[in-house]
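Reader: I would like to go through the terms used for this model and see what each one rests on. Please set each value against its cut-off.

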Amino acid sequence: MALPCSLPLSRGLPRTLQCRRLVARLFAAQNTICRANATDNSVSSGHDLLRTTLPEVIQTKRVPVLLYADRQSVEPEAISQLVKLAESPMPVGFVSAMPDIHVGKGVTIGTVFASQDYVCPNAVGVDIGCGMCAMPLKGLYKDDIAEDKLRRVQGNIKRSIPTGFEQHDRALPGAKAELERISNNVKPSSWLEEAASSKKVAQQLGTLGGGNHFLEVVHDETGQVWVMLHSGSRYIGNSTAQFYDKKAVEYMKGSGDARVTAKDINYLEIQSEAGQAYLQDMTWCQEYALSNRRLMLDLLVDCVAHELSNVVPDTDRLINIHHNYCASEPCKFQDPSKTEMFDGNLWVTRKGATSAQKDQLGIIPGSMGVGSYITRGKGNPGSWNSCSHGAGRKMSRTRARKEIMQAEFEKAMKGIVCDHVEAVRDEAPQAYKDLTQVMADQQDLTEIVHKLQPLVNVKGYDKYFKGKVKRAI
């Protein structure tokens, strides 16, 4: 067992007392961080009274779970998944659960842990490199854009950027060169090289996908207009995740565990041939996701510029980040069975979590009608320098379709240029946790720099859906 970030356990003490001392040190570190940031000129959430004493510590048979949320607000199945992960051989130190934690495939969404020896495809997620991208537009403010122009901007976006299962009829100019650049920087395995040669991979560069992915024109508290989007690595990332999860199942069964399934915590040894190949191909997919978002952002800017003159992107303030990924990061930790301090890199896995290193900018989106935040990390060791990746679901998609009425969905989206399609009702704001509470629960992890409110929203949905499209503002 190991603890990160210079927070060693004391040798010879009972395990429970050691964990209590660990948590006390984490709280002390958090209090120091909070005092240091007390005078920052950041945007206040205005909800300090919602704060609770976090994290809550969940003891397990192996490493503890640090939960940055009220346990009563978390599904029992999600708690079970967290405990199962903490009791697996993978994590060192502890597992951190972000305020938006909810059930996922194999591993909960909103989970962060570090490992020396293992990597888990299901812990990275099936959309490798899924993340956010945002950029302000110089000199453009929401009052400069009339309602009719907002509608035309939305139409431009829908025509220019394929969503759902769609892709470009022909690869965008420069897409094939971008794939070559990625492969030159990150050599793919022979399997990925063949998979990436499909026309679909080039034609999906600059496309959104479906589910909770979105394209938006937003404004901050000053009224300045931004463009923002949420997307990942599309077909190639999903295929890569599934391919290596099967490899992990084979490894686990070969190790004597015949009960594993595709929904379990199936892991690979990092130093194994399959583990090394996964890390390499995962990194390739992360680069693909970054490029996909950057190309879409350029298209978004063009969609706005088509209706307005003098649209200048502020590229110096562009943010393009992952929240489904694994990366080697420097950490310090001490194994209680040894006297020396380890100072080196660990593989930190974030599944539905945003890196929040000290002063690192991030993006935390809410649901499609609530707004989003630009954030600045506080470098908190108790969360492995991480924060949430969004609000987090409180309803499954099936439950949301059953319980949220179409009229309620449309009412929640009033004032935003968007499509009210029954096929995306499972993405209604009511299906998600209260973002205000999520931000209050992680005030020790990150701080708010800007609050972004949506003007235009575009989401992907099943092209075979036969319901009518209703626009509203």
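Reader: How many disulfides does the structure hold, and what makes a pair of cysteines count as one?

Author: A disulfide is a pair of cysteine sulfur atoms within 2.5 Å. The structure holds 0 disulfides. This is a predicted model, in which local features need pLDDT of at least 70 and side-chain atom pairs count only at pLDDT 80 or more, while totals for chains, interfaces and linings use all residues. Residues are numbered from 1 along each chain as its sequence is written, and side-chain values use heavy atoms, with hydrogens and water left out.

Reader: Why is cysteine 130 called buried?

Author: Buried means under 20% relative accessible area, exposed over 50%, and partly exposed in between, with a 1.4 Å probe and protein chains only. Cysteine 130 has a relative accessible area of 6%, so the word buried applies. Cysteine 387 has 1% relative accessibility and therefore also counts as buried.

Reader: Which residues carry the UniProt feature "binding site" together with His230?

Author: The unreviewed UniProt entry places "binding site" at His230 and His323. UniProt positions are given here in the numbering of this model, feature names are shortened, and annotations may be inferred rather than shown by experiment.

Reader: How do you know that His230 and His323 gather at one spot?

Author: The record places the feature at both residues. They span 94 residues in sequence, yet no two of their C-alpha atoms are more than 10.2 Å apart, so they gather at one spot. There is also a polar contact of 3.3 Å between the side chain of histidine 323 and the side chain of histidine 230.

Reader: What makes that a polar contact?

Author: A polar contact is a pair of N or O atoms within 3.5 Å; within protein, one must be able to donate a hydrogen and the other to accept it, and residues adjacent in sequence count only if both atoms are side-chain atoms. The distance between the side chains of histidine 323 and histidine 230 is 3.3 Å, and the limit is 3.5 Å. A polar atom of the histidine 230 side chain also lies 3.0 Å from the backbone oxygen of asparagine 212.

Reader: Where are the two histidines placed, in strand or loop?

Author: Helices (H or I, at least four residues) and strands (E, at least two) are DSSP runs, numbered from the N terminus. Histidine 230 is in strand 8, residues 224-231. Histidine 323 is in the loop between strand 11 (319-322) and strand 12 (324-334).

Reader: Are histidine 230 and histidine 323 buried or exposed?

Author: Histidine 230 has a relative accessible area of 4%, so it is buried. Histidine 323, at 1% relative accessibility, counts as buried too.

Reader: Why is arginine 350 called buried?

Author: Arginine 350 has 0% relative accessibility and therefore counts as buried. This residue lies in strand 13, residues 341-351. A polar contact of 2.7 Å joins its side chain to that of serine 386.

Reader: Which other residues does the annotation "binding site" cover?

Author: In the unreviewed UniProt entry, "binding site" covers Asp127 and His213. They span 87 residues in sequence, yet no two of their C-alpha atoms are more than 11.1 Å apart, so they gather at one spot.

Reader: Are aspartate 127 and histidine 213 buried or exposed?

Author: Aspartate 127 is at 15% relative accessibility, so it counts as buried. Histidine 213, at 8%, counts as buried as well. Aspartate 127 lies in the loop between helix 3 (121-124) and strand 6 (131-141). The backbone nitrogen of serine 233 is 2.9 Å from a polar atom of the aspartate 127 side chain.

Reader: What makes serine 272 partly exposed?

Author: Serine 272 has a relative accessible area of 22%, so the term is partly exposed. Its place is the loop between strand 9 (268-269) and helix 9 (273-305).
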